[in-house]
Amino acid sequence: QKKQGRPELRRQSSEKKKNPASFQQPQSIDFNALPKLEELEQELKNSLRSTPKGLETPKYSIVRVIDGQLKLGTPERIEIRKYEAFTVATTPSVGGDGFTTLASYLFGGNEDDKSMAMTMPVVVTADQTTTDGTKGDDRSGATMQFVIPSSLSGAPPVPLPNTAVRIEQIPERLVAVKTFPGIVTEDEVARQKDSLLSALREADVEGIIAEDEVSVLQYNSPFTIPWRRRNEIAVVVVDTTVVAE
């Protein structure tokens, strides 16, 4: 006896023969839109690097090195860097909105519909002094900045009018920088700031521009293991001993 198929399968087969157009074929995959193997390999390697490869950073030279506090018997390294001028896209840093806003601008959400390459570091600056000169909380006046690729720094894409993105030119300047690993928290930033400022005073570095306005520079993606992450605490200075050189 001939075995009968399942009724619903026979019905679908019959309908397909009568009207084949009603049965859509699966959409093909655009393999060009997928990350290339080399890009995936680079991302995997960067997750193990303290400083990722392949990303542009603002240019600087180290003009002075200062010994900081002893850590495991070795003084922590503090650099006085002379940064060349560069351009940034800036937005208020509130929760995770700052990163999302800047990423949208960088990857084509601008008047020119132009996508730009990712750069490093991401800079978060917290001004803890309010307009009346009193201390505010850690989020008072905080901003986040993405560095514009140098090839576009002279004429960066115009931000969309309904976004909180603005373009700023950062002039050539001296910056005192201390590197630290791990996950960035408010307590860790406060500790690193105190350590940096203490070392600068002991080294008689002149002209700390604003002790309450410190920046945190972050170089890594969230996928980087914490103890391999490169973070930096930075403050603008005017060191006359360096300028004289």
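In which strand is Lys 178 found? In this predicted model, Lys 178 belongs to strand E7, which covers residues 173–180. Its relative accessibility is 1%, and a residue counts as buried under 20%, so Lys 178 is buried. The side chain of Lys 178 makes a polar contact with the side chain of Gln 192, at 2.4 Å. Apart from neighbours within four places in sequence, Lys 178 touches residues from several parts of the numbering, including Glu 76, Arg 77 and Ile 78. Ser 195 and Leu 196 are also among its contacts, as are Asn 231, Glu 232 and Ile 233.

The chain as a whole contains five helices and nine strands. Read from the N terminus, the order of elements is α-α-β-β-β-α-β-β-β-β-α-β-β-α. Of the 245 residues, 36% are buried. Among contacts with a separation of 6 or more, 69% join residues 24 or more positions apart.

The average pLDDT is 80, and 70% of the residues score at least 70. Among the elements, the lowest mean pLDDT, 52, belongs to helix H2 (residues 37–46), and the highest, 97, to strand E3. Residues 25–31 have a pLDDT below 50, and this stretch makes one contact in the model beyond near neighbours in sequence. The pLDDT is also under 50 over residues 129–139. For residues 129–139, the model has 15 contacts beyond four places in sequence.

Helix H3 spans residues 97–106, and its buried residues are Gly 98, Leu 102, Ala 103, Tyr 105 and Leu 106. Viewed down the helix axis, the buried residues of H3 fall within an arc of 160 degrees, so they line one face of the helix. An α-helix has 3.6 residues a turn, so residues three or four places apart point the same way. Asp 97 and Thr 100, on the other side of H3, are exposed. Just after the helix, Gly 108 adopts a positive phi of about 120 degrees.

Asp 112 lies in the loop between H3 and strand E4 (122–127). With a relative accessibility of 45%, Asp 112 counts as partly exposed. Asp 112 and Val 158 are separated by 46 residues in sequence, yet their C-alpha atoms are 6.7 Å apart in space. When neighbours within four places in sequence are left aside, Asp 112 is in contact with Pro 157 and Val 158.

The aromatic pairs in the model number three. In one of them, Tyr 60 and Tyr 83 are tilted, with ring centres 5.0 Å apart and an angle of 45 degrees between the planes. This pair links distant parts of the chain: Tyr 60 is in strand E1 (residues 60–71) and Tyr 83 in strand E2 (residues 74–83), 23 residues apart. Tyr 60 counts as partly exposed, because its relative accessibility is 32%. Tyr 83, by contrast, is buried, with a relative accessible area of 7%. Tyr 83 also pairs with Phe 86 in a tilted arrangement, at 6.2 Å centre to centre and 55 degrees between the planes. Phe 86 has a relative accessible area of 15% and is therefore buried. Together, Tyr 60, Tyr 83 and Phe 86 form one aromatic cluster.

Another ring is involved in an arrangement with a charged residue. Arg 230 is placed in the loop between strand E8 (213–218) and strand E9 (231–237). Its charged end sits over the ring of Tyr 219, 3.9 Å from the ring centre. The side chain of Arg 230 also makes a polar contact with the side chain of Glu 232, at 2.8 Å. Arg 230 is buried, with a relative accessible area of 14%. Glu 232, the partner of Arg 230 in this polar contact, is also one of the residues in contact with Lys 178.

Methods:
Residues numbered from 1 in each chain as written. Heavy atoms only, no water. Buried < 20%, exposed > 50% of the residue type's maximum accessible area, 1.4 Å probe, protein only. Helix = DSSP H or I, 4+ residues; strand = E, 2+ residues; numbered from the N terminus. Arc of directions from axis to C-beta. pLDDT = per-residue confidence, 0-100. Contact = heavy atoms within 4.5 Å. Phe/Tyr/Trp six-rings, centres within 6.5 Å; stacked < 30°, edge-to-face > 60°. Lys NZ or Arg CZ within 6 Å of the ring centre and 35° of its normal. Polar contact = N/O pair within 3.5 Å; in protein donor to acceptor, adjacent residues only side chain to side chain.
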